[in-house]
Amino acid sequence: MNTNRQSRLRIGILSFAHGHANSYAFELEQRDDVVIAGIWDADPERGAEMARRFDTIYYRSKDILLGDELDGVIIASENVHHRSLVEAAASAGVKAILCEKPLATTVPDAESMIRYCSDRGVKLATSFPCRYAPSFRSMREKVLAGEIGEILAIRGTNRGSMPGGWFVDTSLSGGGAIMDHTVHVADLMWLLLGQEAVSVYAESGNQFHHQSWDDTGLLTLTYADGVFATIDTSWCRPKGFPTSGDVTLQIIGTRGVLDLDLFGQKLVHYNDASQSDCFYWGSSLDKDMIDDFLLLCEGGSAPYLATGEDGLRAGAITSAAYAAVLLNDPVNVDAGVEQRVPAYSL
Amino acid sequence: MTYRVALVGAGNMGKWHAEQWGHVPGVEFVAAMDTRSNIDLSGTPVFSDWNTMIAQAKPDIIDICTPTPFHREYVERAAAAGKAIFVEKPLARTLEDCDSIMAAVGKAGVPAMPGHVVRYFPEYASAKQIVDEGGVGHPGTVRTSRMSTFPNITGRENWYADPDQSGGVILDLILHDFDWLRWTFGPVNRVFARGLFGSRHFMSALDYALVTLRFASGAVGHVTGSWAHTEGFRTTVEIAGDKGIVEHDSTRSAPLTVALRRTDCGQIGVTVPESPMRPQEDPYLKELQAFVRSLETGQTTPVTTEDAYEAARIAFAALRSIETGKAVTL
């Protein structure tokens, strides 16, 4: 708190509904040249608690926070509120916005957010921290250097345990496991292939938790030239599973195979009292992403940071997947399908 | 009585069967037939002509280990001759040939068992048992994979590389998974697949397929088949249900790893994992023993031609899905 206000970047955080906000705030705290100017949260109790934790001010009114000379805003609300909060922040004239993934719950919402920000000269970023995993960056360098030749197929997973809370209230989340877990891996595939998926096939289900929302998702993406990929998005991990979630990729190339376990750097801990536990000791994924976001807030550029367009591109695969689930047929990603999330009868 | 066994097709699989037959009680391994003249089966007579072999060796059991496209011909000959039949998987290369095999076996009324040996691999048998006993609760997703290098045959034409003969990883490799999955999780309603079959990459000895299965139970399956890997052979299984998960990964369960230092005299360094079992528990031996036991007791073979037919239907649906780009309903 010893640098003067003018020289420090002022960042506001809108909502801690998504737990990732904790990690973003932590990374902001590590920077001497950044101040968390304030927190707004629809839940006053949570907002006040987080303001205490991160030594900042809780604002009951987001408009007052947004009016307080912010350079950047981070949004980690429930998915369906991303659009209104991004547009509110853009109206307030911040330089840059980092929005938690998925950018939006529908393609039209994402398109509107991108247009709204670009019309006002505000840079919109999507939170895709997996891009920043050193293991993924190394994998991508090898791919771009042609070490495994031409990519023919990718097998991806982002499995995890059921997150509960608003994530399973589809009026707030926009969908279940497919909504939650498709976009991370879809974005990594975009970075590896540099081309958009042409069509998506998907199977879904509710066999794990037997609720109205999807807890099972298995997508097949087809790209130009016959390149294909699958993504398993299922919330299939039981309570006793030692890791909460995984991100894995197997890339088949004409000259070799790459296998990535993005959270593979972990210790396993056993004791008498409980089941085994895993401790990830690999690099923080959020550190480099937040640093890139702060470059945007300074008026600079951060070409590796996921943009609103990147968020839209990944989200379009989610929408096509939900359409495919209802049709049992591949759906073209650009067909402008009307999104209907399956609701299982119980 | 002692069953007299004759082998048709003494390639890699046939030679391994020949060795196992020597350990099956109640069986005498009497002959082999192969159209190639240079087969050595340590003293067992090898015939190049079917009729001569049948007349001279007088077998009771015909064990068919030919390349896939020849299964139909020899099943029909064996059935017409009233022999008990063991036939390697897949049942046949086409659904038409599978139909003919079913008709021939049905008409002759002879016992016939297909070689879906994965059911006799202890990790797969145990995984099914855990599922059957409710260890994972209600299954939601099941993922299996079978990954190796492109199969190589030295000294003659590599029929695996001919899509019209082998059917690639879908029909030759992950057919194993299709059978085990059907056995464990019941019938499959819908198949969607993408793969290199039919592409120019297959013709450069690369095949890889990712297959989605929708079971009648509602469970979702994902099967990886690879002949695109650079070394080794790896299998994995992950069954997730509403009460738990069962995992198998052959790279993590291999109890012995042999790593040889690279030498200067042209020998390359390699690391080879080994997962040895008591010879009496070899899965191929166990399936042949189970077949013979069913003949002795007059019971249905433990794996039926109907099972093989259904597994093959899943494979043909996957191949059709790759060709058409659509999901295929069974």
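Modeller: Let us begin with a salt bridge inside a helix. In this predicted model, Glu76(B) forms a salt bridge with Arg72(B), with the closest N and O atoms 3.0 Å apart. The two residues both lie in helix α3 (residues 71–80) of chain B, four residues apart, about one turn of the helix.

Colleague: Which parts of chain B does the salt bridge between Asp179(B) and Arg119(B) link?

Modeller: The closest N and O atoms of Asp179(B) and Arg119(B) are 2.7 Å apart. This pair links distant parts of the chain, 60 residues apart: Asp179(B) is in helix α8 (residues 175–185) of chain B, and Arg119(B) is in the loop between β6 (112–115) and α5 (122–132) of chain B. Both Asp179(B) and Arg119(B) are buried.

Colleague: How is a salt bridge between chains to be read, and where do Glu203(A) and Arg214(B) lie?

Modeller: For such a pair, one locates each partner and then its accessibility. Glu203(A) forms a salt bridge with Arg214(B), the closest N and O atoms being 2.8 Å apart. The pair crosses from strand β8 (residues 199–205) of chain A, which holds Glu203(A), to strand β9 (residues 208–215) of chain B, which holds Arg214(B). Glu203(A) is buried, with a relative accessible area of 2%, and Arg214(B), at 14%, is buried as well.

Colleague: How many salt bridges are found over all chains?

Modeller: A search of the whole structure finds 38. Salt bridges also link Arg131(A), Asp187(A), Glu196(A), Asp310(A) and Arg313(A) in a network.

Colleague: Strand β8(A) has been mentioned; which strand does β8(A) join through seven bridges?

Modeller: β8(A) is joined by seven bridges to β9(A), and the two run antiparallel. In that pairing, Ser204(A) has Gly217(A) as its bridge partner in β9(A). β9(A) is also joined by five bridges to strand β10 (residues 228–232) of chain A, again antiparallel, with Leu219(A) opposite Ile231(A). β9(A) and β10(A) form a hairpin with five residues between them, and Asp225(A) in the turn has a positive phi of about 65°.

Colleague: Why is β9(A) described as largely enclosed by the rest of the structure?

Modeller: Strand β9 (residues 216–222) of chain A is so described because seven of its seven residues are buried. Both faces are covered: one side includes Thr216(A) and Leu218(A), the other includes Gly217(A) and Leu221(A).

Colleague: What is the general idea behind a nonpolar core, and which residues have the most contacts inside the largest one?

Modeller: In soluble globular proteins, nonpolar side chains tend to be buried together. Here the largest nonpolar core has 75 residues, and Phe136(A), Leu221(A) and Leu249(A) have the most contacts inside it. Helix α8 (residues 177–193) of chain A gives the most to this core, with ten residues.

Colleague: Which residues make the nonpolar surface patch of about 370 Å²?

Modeller: That patch is made by Leu267(A), Phe279(A) and Trp281(A). Leu267(A) is in strand β13 (residues 266–269) of chain A and is exposed, with a relative accessible area of 54%.

Note on methods. Residues numbered from 1 in each chain as written. Chains lettered and ligands numbered in written order. Predicted model: local features only at pLDDT ≥ 70, side-chain atom pairs only at ≥ 80, totals over all residues. Heavy atoms only, no water. Salt bridge = Lys/Arg side-chain N within 4 Å of Asp/Glu carboxyl O. Buried < 20%, exposed > 50% of the residue type's maximum accessible area, 1.4 Å probe, protein only. Patch = residues over 30% accessible without salt bridge, like charges linked within 9 Å, V, L, I, M, F, W, Y side chains within 5 Å. Areas by Shrake-Rupley, 256 points an atom, 1.4 Å probe, with all protein chains shown as cover. Core = buried A, V, L, I, M, F, W, Y, C linked by side-chain atoms within 4.5 Å. Pairing = 2+ DSSP bridges.
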